Amino acid sequence: MTTKQKVENVQSELNIGVIGHVDHGKTTLVSKITNKWASKHSEEIKQGISIKLGYADVSFYKCPKCKGLQAYTNSQVCKYCNSNTEFLKKISFVDSPGHETLMAVMLSGATLLDGGLLVVAVNEDIPQPRTVEHLNALKIHGIKHLVVALNKIDLVSKQKAKEQYLKLRAFLDNEGYNDAPIIPTSAHFDTNIDALIYALLDTIPTPEHDLNAPLKMRIIRSFDINKPGTKIEDLKGGVLGGTVIQGKLSVGDKVWLYPGISKPIEIKIKSLNAEDVSYESVHPGGLIAVGTDIDPFFCVGDKMVGEILCTEESKPFVSQKIDLVYTKIDALVDSNKTPFSVGEKLVVVIGSQAYLGVILKLKGNVLELSLNKSCVYYKNEKVAISRNVNNRWRLSGYGEVK
Ligand code: GDP
Ligand code: ZN
């Protein structure tokens with residue numbers, strides 16, 4: 001499992017968000033599916049929780065000789081019959097924090113997702129609060145394709161596992177996820193990883209990408225790749241990390257950066273990379289590192305998070321005040337039944353960025369919000385809204401930007 005494998009030279013086709021209550025085994029399971037840890041950030045490891053969205057690409061293969069689920073693998077050599085396996089597709093897993101105060105960050109990934117992997121521990125009551133919240137976050141963003149891992153089956157009896165399975169089935173059906181398969185797994189003992197890989201391939205299709213649509217790309221990272229002391233003539237431009245939402249992006253393209261650096265600017269694309277592979281052109285799927293001609297100073301330490309790359313035809317709106325047509329999901333939090341009031345603070349996640357907002361006006365189900373800084377948005381875009389309940393930001397519902 002640890003041998004370094006040749007990287008398939010194709011781009012990831014879709015993004016799958018890993019969701020679920022803290023400690024249910026998301027990180028362990030993703031590391032078994034991908035043979036690597038999604039969270040590489042040192043701070044994340046120190047604190048034992050993921051702070052930023054972590055991406056891990058994995059190639060899936062099928063053994064031409066083996067029959068049934070055991071034919072599905074992440075390895076180029078079949079562990080049962082030693083045959084060379086056949087490449088199927090590359091997928092990106094987006095690891096999201098299960099810690100409740102980081103819910104807003106988790107939600108910021110949802111607009112970038114094509115499907116979800118929900119991890120539920122079999123040895124705890126079903127459902128746990130974050131399980132409900134995360135699943136609703138997916139629902140808000142219209143993500144229908146879901147695979148569920150009922151994890152830690154090594155910890156319970158067969159009878160208990162069956163009871164928990166039925167509870168989970170009823171919960172998923174009630175939430176509208178009737179078609180989501182439930183795969184019993186033990187990340188510790190590598191149990192049913194092949195069945196899980198099959199379920200992911202079978203349940204979450206590659207979305208159809210209209211490559212001729214004008215580019216929309218959300219930035220979720222940014223950095224300066226120059227070592228301290230690099231001579232000015234050798235300095236490389238700032239790097240933007242993000243996911244293409246629509247259209248395509250090629251080396252040499254000139255595109256707009258919104259809201260830009262104090263104003264929108266036109267930038268030139270110098271390079272495109274995903275994990276160890278460079279590309280001439282990229283489409284939706286995976287986290288892409290975009291080399292640019294921006295002064296690297298502006299990209300240090302994720303300063304560009306929340307920005308959008310676009311073309312003349314796909315320029316977003318920029319504003320510090322927005323109107324939201326609001327839908328509340330009362331079942332999420334008890335105190336959610338209390339009506340909003342002018343002056344109440346909310347956290348709204350627009351695209352890939354969380355903003356603190358204050359309600360300026362209320363009219364029916366329309367909220368006028370003033371944000372802590374300018375946001376970039378598209379009309380009718382769905383945004384997740386969290387309310388402060390006992391000093392925690394809890395998902396409360398969603399809005400559509402007018
Ligand atoms: P996350 O917070 O959902 O990412 O959960 P982690 O992957 O960090 O796992 C939480 C704890 O559960 C760790 O101590 C893991 O070793 C343990 N764990 C994960 N999967 C399994 C499993 O299948 N069986 C058992 N017994 N423990 C597991
Ligand atoms: Zn085989």
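1. Pro259 is found in strand S11 (residues 254–261), where helices (H or I, at least four residues) and strands (E, at least two) are DSSP runs numbered from the N terminus. The peptide bond that leads from Tyr258 into Pro259 is cis, with omega near -5°. The structure is a predicted model, in which local features need pLDDT of at least 70 and side-chain atom pairs count only at pLDDT 80 or more, while totals for chains, interfaces and linings use all residues; side-chain values use heavy atoms, with hydrogens and water left out. Residues are numbered from 1 along each chain as its sequence is written, and chains are lettered from A and ligands numbered from 1 in the order in which they are written.

2. A cis bond also joins Ile126 to Pro127, again with omega near -5°, and Pro127 lies in the loop between strand S5 (115–121) and helix H4 (129–140). Lys152, although not a glycine, has a positive phi of about 70°; it belongs to the loop between strand S6 (146–151) and helix H5 (158–174). Asn380, likewise not a glycine, has a positive phi of about 65° and is found in the loop between S20 and strand S21 (382–389). These places deserve a look because most residues other than glycine have a negative phi, and most peptide bonds are trans.

3. On accessibility, buried means under 20% relative accessible area, exposed over 50%, and partly exposed in between (1.4 Å probe, protein chains only). Lys152 counts as partly exposed because its relative accessibility is 22%, whereas Asn380, at 53%, counts as exposed.

4. Cys63 is buried at 2% relative accessibility, and Cys78 is buried at 4%.

5. No disulfides are counted, a disulfide being a pair of cysteine sulfur atoms within 2.5 Å. Cys299 cannot take part in one because the closest cysteine sulfur, in Cys310, is 16 Å away from its own, too far for a bond. At 0% relative accessibility, Cys299 is buried.

6. Ligand 1 is surrounded by 15 residues, the closest being Asp23, Thr27, Thr28, Asp154 and Ala187; a residue is near a molecule or strand if one of its heavy atoms lies within 4 Å of it. A polar side-chain atom of Thr27 is 2.5 Å from an oxygen atom of the ligand, and an N or O atom in the side chain of His188 lies 3.0 Å from an oxygen atom of ligand 1.

7. Ser12 sits in the segment before strand S1 (14–19) and is buried at 2% relative accessibility. Apart from neighbours within four places in sequence, its contacts (heavy atoms within 4.5 Å) include Asp57, Ser92 and His283. The side chains of Ser12 and Ser92 make a polar contact of 2.8 Å, meaning a pair of N or O atoms within 3.5 Å; within protein, one must be able to donate a hydrogen and the other to accept it, and residues adjacent in sequence count only if both atoms are side-chain atoms.
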